[in-house]
Amino acid sequence: RSPPPWRPHKTEITALDMQHPNGQTILSTSDNGDIHLSQLQRRETPEKRSTKCPITDAAWSSTGEFYTVGMGARLDQWDKRMDLKASSSFVKDSRMFTCCTLDRENTKIIATGSEEGSILIWDSRNIGAPVCTSKPHHGAVWGMLFSPETPDVLVSCGEDGNIICTNTHGFSRKETIANSLIAREFLSYNSVDIVDIDKDRGWLVAGSDSGNIRFVNKCLIQGSPSD
């Protein structure tokens, strides 16, 4: 039996993540900058914070930290072990971070996407500045994920209708994402807003703002031509 609904936020919810190590804490954010950590069983929100700035996405780390991104190209790192104090970083040449994701195999690596089409890679041990940055998309980056089966491979989708796979292994300040491009697949003249991986059947699954769901052979991740 599913838990009954409740309303922890007063405005639009912009992100949900249940990948907390204990499996019982829901991370949720809203467009007014509120952050809630809610207990699933008790429908309570004992811990709340606010960035006072619209949040667009959020993600748990396997170590119990979590990250939020949003307006002002702001990346915040929150640590429950330090009473949810945030470490923040800003990028001057971007207006807004649109999405973020963590590498579940290498928890030190964070990726953020921007409204201008840039992807930035960060080291969680020092988020003062990105490790590297590049602009593989022509328009906003709407979704990203690290491949659960292929280490270091980041899959992104965006307003330009592309799914792009890049290898983040060995990134340095002198190396750009463009140098590690694995594959680019044009799916639609419409924006591709979300991407996921079907591990059992071997497909990348993408959804566009036209209402279409498209499937791409997952061998794209290994750099092989897709069917």
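A residue is called buried here when its relative accessible area is under 20%, exposed when it is over 50%, and partly exposed in between, using a 1.4 Å probe and protein chains only. With that in hand, W78 counts as buried, at 5% relative accessibility.

A word on the model before going further. It is predicted, so local features need pLDDT of at least 70 and side-chain atom pairs count only at pLDDT 80 or more, while totals for chains, interfaces and linings use all residues. Residues are numbered from 1 along each chain as its sequence is written, and side-chain values use heavy atoms, with hydrogens and water left out.

**The chain as a whole**

The protein chain has 19 strands and zero helices. Strands (E, at least two residues) and helices (H or I, at least four) are DSSP runs, numbered from the N terminus. Of its 227 residues, 52% count as buried. The chain exposes about 11500 Å², and carbon and sulfur atoms supply 48% of that area; accessible areas come from the Shrake-Rupley method with a 1.4 Å probe, and for residues only the protein chains shown count as cover. A contact means heavy atoms within 4.5 Å. Among contacts between residues at least 6 apart in sequence, 39% join residues at least 24 apart.

Leaving aside residues up to four places away in sequence, T29 touches H9, E12, I13, T14, A15, D34, I35, I55, A58 and T68.

**Aromatic pairs**

Rings of Phe, Tyr and Trp (its six-membered ring) pair if their centres lie within 6.5 Å; planes under 30 degrees apart are stacked, over 60 edge-to-face, and the rest tilted. The structure holds four such aromatic pairs. Two of them are set out here.

| Pair | Centre distance | Plane angle | Type |
|---|---|---|---|
| F66 and W78 | 6.0 Å | 10° | stacked |
| W203 and F215 | 6.3 Å | 75° | edge-to-face |

F66 lies in strand 6 (residues 65-70) and W78 in strand 7 (residues 74-79), so their pair ties together parts twelve residues apart in sequence. F66 is buried, with a relative accessible area of 1%. Ring pairs also bring in W60, linking W60, F66 and W78 into a cluster.

W203 sits in strand 18 (residues 203-208) and F215 in strand 19 (residues 213-217), so this pair too ties together parts twelve residues apart in sequence. W203 is partly exposed, at 30% relative accessibility. Together, W203, I213 and F215 make a nonpolar surface patch of about 320 Å².

**Cysteines**

A disulfide is a covalent bond between the sulfur atoms of two cysteines. Here it is taken as a pair of cysteine sulfur atoms within 2.5 Å, and a search of the whole structure finds zero. The sulfur of C99 is 7.3 Å from its closest cysteine sulfur, in C100, which is too far for a bond. For C157, the nearest cysteine sulfur is that of C99, 7.5 Å away. C99 is buried at 3% relative accessibility, and C157 is buried at 0%.

**Two positive phi values**

K52 has a phi near 60°, a positive value in a residue other than glycine. K52 belongs to the loop between strand 4 (44-50) and strand 5 (55-60), and is exposed at 76% relative accessibility. A73 is not a glycine either, yet has a positive phi of about 50°. A73 lies in the loop between strand 6 and strand 7, and is buried at 0% relative accessibility.

Note on methods. Patch = residues over 30% accessible without salt bridge, like charges linked within 9 Å, V, L, I, M, F, W, Y side chains within 5 Å. Salt bridge = Lys/Arg side-chain N within 4 Å of Asp/Glu carboxyl O.
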